[in-house]
Amino acid sequence: MLDDILNSAAALGASDIHFHIGVQPVVRLHGDLTPMENFPALSPDHLKELAAAIFRPGQATAFDRGEEIDTSYSLAGVGRFRCNIFKQRGTIGIVMRRISNHIPTIDELNLPAGVEYLTRYQRGLVLVTGMTGSGKSTTLAAMIGRINSTRRCHIVTLEDPIEYLHHDNISIVTQREIGQDSMDFARALRSVLRQDPDVILIGEMRDAETIKIALTAAETGHLVLSTLHTTTAPQSIERMLEYFQPEMRPVIRQQMAFHLRGIVSQRLLTRLDGHGMIPAVEIMLMNPVVQKKVIEGKIGILKSVIHQASNEGMQTFDQHLVALYNAQLVSYEEAQSQCSNPDSFPLYCQGFFSDIVSGMEG
């Protein structure tokens with residue numbers, strides 16, 4: 001039954017499939033949830049059967065102990081699916097996200113040139129941020145694919161679970177899954193530093209220890225790429241600092257100022273032509289002004305700095321939203337709904353960003 005549902009969902013072009021007791025499987029198509037009318041409502045036995053088909057050895061026992069399960073499932077000819085199995089009101093729930101077999105390029109994703117620029121660094125920390133479902137994993141896969149096709153190096157990915165499968169091209173690629181190949185991100189990251197890596201992908205930075213090791217890896221000559229669940233570039237810096245005690249934050253700001261190369265924050269918008277989604281992207285690159293503000297802890301000013309450095313490849317969300325609307329790639333309503341200040345969006349479209357620029361010092 002599971003494979004039939006996944007085959008149908010893939011044929012529809014669904015990005016996610018939801019399984020809940022008492023309703024038909026529900027798919028997300030271009031941002032909207034739609035029931036799969038050709039399948040029956042799911043019973044408790046259906047959900048147990050579906051979960052059993054997905055569980056890897058040992059996961060059923062862990063689930064019975066009350067743990068949520070993050071894993072993956074492969075279907076020949078269709079692709080891979082990232083799976084989360086959980087309990088809700090005493091019953092089983094499952095959400096599966098489709099991961100294409102094709103690793104898209106940066107150009108195919110309509111990402112700005114600044115994203116490709118960040119893949120050229122030999123060392124430092126690069127973050128891709130956004131809320132769940134914003135396309136972070138796909139952007140990172142495209143960046144790893146770019147490095148894999150342009151540089152001779154050793155790329156190591158630490159993921160929970162592994163999503164896109166990378167094959168050796170010019171580079172050698174090692175992919176390790178947390179929970180299967182290593183116990184946790186921090187332990188895997190300590191180990192990977194002894195495996196002669198040049199590029200390290202950390203699926204997510206979840207704690208202070210992982211952030212500290214990632215910064216150390218960037219400091220010692222590795223290019224480290226990772227993600228955070230934040231919505232803007234300045235917020236990403238604030239979130240990293242929140243993991244540390246106040247007395248440690250000046251040291252962490254100093255490390256970030258010297259070893260952070262850039263932050264790509266993104267969210268997905270429905271295309272005007274109805275053919276899928278397109279990312280709106282904020283890009284902050286490290287320059288002397290950004291570096292100074294990070295060291296000083298003046299994170300709130302960074303939006304103005306980014307706005308005024310568009311000639312250096314930086315851009316705010318609002319600038320990109322205006323560009324996407326002007327290019328007729330998204331509707332006015334869609335762009336305005338994602339704007340940081342929807343009431344000001346008409347002025348932004350006319351080139352007036354005074355409320356953003358006014359936040360800049362000096």
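This is a predicted model: local features need pLDDT of at least 70, side-chain atom pairs count only at pLDDT 80 or more; totals for chains, interfaces and linings use all residues.
Residues are numbered from 1 along each chain as its sequence is written, and side-chain values use heavy atoms, with hydrogens and water left out.

**Figure 1. The whole protein, before we zoom in.** You are looking at 15 helices and 13 strands; these are DSSP runs numbered from the N terminus, helices being H or I of at least four residues and strands E of at least two. The C-alpha trace spans about 65 × 50 × 40 Å along its principal axes. Of the 362 residues, 50% are buried (buried is under 20% relative accessible area, exposed over 50%, partly exposed in between, with a 1.4 Å probe and protein chains only). Take the contacts between residues at least 6 apart in sequence: 57% of them join residues at least 24 apart (a contact means heavy atoms within 4.5 Å).

**Figure 2. Inside the largest nonpolar core.** This core has 65 residues, and Leu 125, Leu 225, Ile 237 and Met 284 touch the most other members. Helix 7 (residues 208-219) gives the most to it, with six residues. A nonpolar core here is a set of buried Ala, Val, Leu, Ile, Met, Phe, Trp, Tyr and Cys residues joined through side-chain atoms within 4.5 Å. Zoom in on Ile 237 and, neighbours within four places in sequence aside, you will find it in contact with Met 256, Leu 260, Ile 263, Met 284, Val 294, Ile 299 and Leu 302. Another core lies apart from this one; it has 29 residues, among them Ala 14, Met 36, Leu 42 and Leu 47.

**Figure 3. Helix 12, mostly under cover.** Helix 12 runs over residues 317-326, and seven of its 10 residues are buried. Just after helix 12, Gln 328 takes a positive phi of about 60°.

**Figure 4. Two loops with positive phi.** Most residues other than glycine have a negative phi, and most peptide bonds are trans. Arg 89, in the loop between strand 5 (79-88) and strand 6 (91-99), has a positive phi of about 50° although it is not a glycine. Asn 110 is found in the loop between strand 6 and helix 4 (113-118), and its phi is near 60°. With a relative accessible area of 40%, Asn 110 is partly exposed.

**Figure 5. A cis peptide bond.** Asp 160 and Pro 161 are joined by a cis peptide bond, with omega about -5°. Pro 161 is in the loop between strand 8 (154-159) and strand 9 (172-177).

**Figure 6. Arg 194 in its loop.** Look for Arg 194 between helix 6 (185-192) and strand 10 (199-202). Arg 194 counts as exposed, at 68% relative accessibility. From Arg 194 to Asn 38 is 52 Å, C-alpha to C-alpha, with the two 156 residues apart in sequence.
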